[in-house]
Amino acid sequence: MNEKELRKKAMALPQQPGVYIMKSKDKKIIYIGKAKKLKNRVSQYFGSHSNHSLKVYRMTQNVDDFDYILCDSEFEALILEASLIKQHQPKYNILLKDDKGYHYIRITKEDYPKIRECKKAENDGATYLGPYTSNFSVKQAVEETLRIFKLPRCNKQFPRDYKKSRPCLNGFMGICSAPCAGRISLADYRESIDSAVAFLKGGSVRAVKDMEAQMLEASENLRFEEASKLRDRIKAIKNLEEKQKVVSINVDEEDVFALVNGVKKSCFEVIRFEHGKLTDSEYWLIDAVENAAQSRFELIERYYSMRSRVPSRVVVDGEVEDEELIVQYLENQRGKKVELIHPKKGEHLSILNLCISNANEHLAQQQNRLGRELAALEELRLLLGLEKVPEYIESYDISHTFGSDNVAGMVVFHNGRPMKKAYKRFSIKGFDGQNDVGSMQEVLTRRFSHYYDDEEGSTFKTLPDLILLDGGEPQVNAVLPVIRSMGLDVPVFGMVKDSKHRTRAIALNGGEIEINSHRQVFTLVSNIQEEVHRFAITYHHNKHRKTTLQTSLTKIEGIGDSKAKILLKEFKTIGRIKSAQVDELAAVKGISRKNAEDIYNFYNK
């Protein structure tokens, strides 16, 4: 359905609340939205694109048809939209990957037990506490417990490693009892583990109360060393609680949201409070948003479609589109009143700033990684004189054994990183014998035939910004006419190696460009050349092994791949099969007497 037909269909929609469902040519759902007035909302997609964001424009270019469902109210449409998005996960909706699972605290069963966090309870004799839904709180609880009770975090096994080494830094700092140096007896270690488990099960208030009673009893009975140890534990717990007050609020429960927008990515951060304490923290890196208010609405809606607990108070860092509607949605989820606030001062603003700061940090970490890669690509662009940064690079290599089993590998680097889903393998079909230049011509011809012939969705439909061939000027000169003859204008360069098989230069039509002095480009091109060589040669080795098998055993009448594999499994090598007698061959399960005679005659007569 063309755009004119889509607009005509949209203009016929009623002015009622509802949900609209955009579909591609293959009938796949690519976007789901809600509307107070369906006609007004849906018709905006088809017509003038001047006010559309890039994301919306790309979506409309892929729409072939749409369905709609009428609702009695905008709120009903919102509930239905959330349910359908969760079910279909459409490509152009903002989606949050829910990687939350259950988490446990594991106490191992051994002479010197250890306390660790884990994601799965195994039937291994260990004791498990949980399950807990928050990985953040489990990690925090385990870390606090290990610190308070001075338990080891290392992977050393006791008693095997007891008194076998000097203590590590934790032992010197006094936050580990250092059984590796023999500083604690088995009895005292087991007592610490029992107290730690009681602390995890009962919480700090109950643990402190019990320890204070034990400390008093030990002191009265003149067990001053034991009393001193209990005093230190109580002090450690209270110090920890003081530190936690930095991220505590005077509200029983509250969720805080921040959305920080970058150039190419945004970070959506959530920190959660229960009983006035920080209990969980999550973040997602998503594509950069163009309408922050609308995106906050969608993100909050998606978040609570994944999480069962809705707090009494939700703090946001900016405007939320249809604020009354999202509050109604949250209250429906919670079953009670929910307050959405935009703090301007006080402790709630401090907590919000903490959330924004965390989001900025996560975004900066992502951009730093991407920044280094983009810097290398920009340096490569300048070095090669390209018009734009080569974000999508394809690289090719030919592999064979003295002209037999000719294959080629194609790898893709997107934004400086391997894009393995786009890798391709080619078996050379046009000729036999050693001809790297002819092989490269065939491969590039087949690759760009796919560009024209494949249906939408194929990775071949993406035109590269740059092609790097494993080889020098001859390969470049051979491939350029192929690409030009197909009406394409893609820059092509070769990757030249030195005598030690290391990347030395980039070859072009008429010379070479030395890259050793360009550190970032050298690293990027070396990685690409090593990856395409690895990919091509792995494919060649696999094919060569099969061909070697086919050129001997499978040429014998009655011996196919399955019997050949049986024989190789039994005799290990072709040489042993050649020297085997008929009786030995016939003794193999699955090999008949006639098979055995035919094999013997093939190799010996």
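Colleague: What should I know about the model before we start?
Modeller: This is a predicted model, in which local features need pLDDT of at least 70, side-chain atom pairs count only at pLDDT 80 or more, and totals for chains, interfaces and linings use all residues. Residues are numbered from 1 along each chain as its sequence is written, and side-chain values use heavy atoms, with hydrogens and water left out.

Colleague: At what angle do helix 12 and helix 13 pack?
Modeller: Helix 12 (residues 436-453) and helix 13 (residues 473-485) pack at about 30°, with their axes 9 Å apart. Helix 12 is therefore roughly parallel to helix 13 (angles under 35 degrees count as such).

Colleague: Which residues of helix 12 meet helix 13?
Modeller: D436, V437, M440, Q441, L444, T445 and F448 do, against P474, Q475, A478, V479, V482 and I483 in helix 13; contact means heavy atoms within 4.5 Å.

Colleague: Changing topic, how many aromatic pairs are there?
Modeller: The count is 20, where rings of Phe, Tyr and Trp (its six-membered ring) pair if their centres lie within 6.5 Å.

Colleague: How are the rings of F426 and F460 arranged?
Modeller: The F426 and F460 pair is tilted, at 6.5 Å centre to centre and 50° between the planes; planes under 30 degrees apart count as stacked, over 60 as edge-to-face and the rest as tilted.

Colleague: Is F426 buried or exposed?
Modeller: F426 counts as buried because its relative accessibility is 3%; buried means under 20% relative accessible area and exposed over 50%, with partly exposed in between (1.4 Å probe, protein chains only). F460 is buried too, at 8%.

How values were computed. Axes fitted to C-alpha atoms, helices over the stretch in contact; angles between N-to-C directions. Helix = DSSP H or I, 4+ residues; strand = E, 2+ residues; numbered from the N terminus. Parallel < 35°, antiparallel > 145°, perpendicular 65-115°, else oblique.
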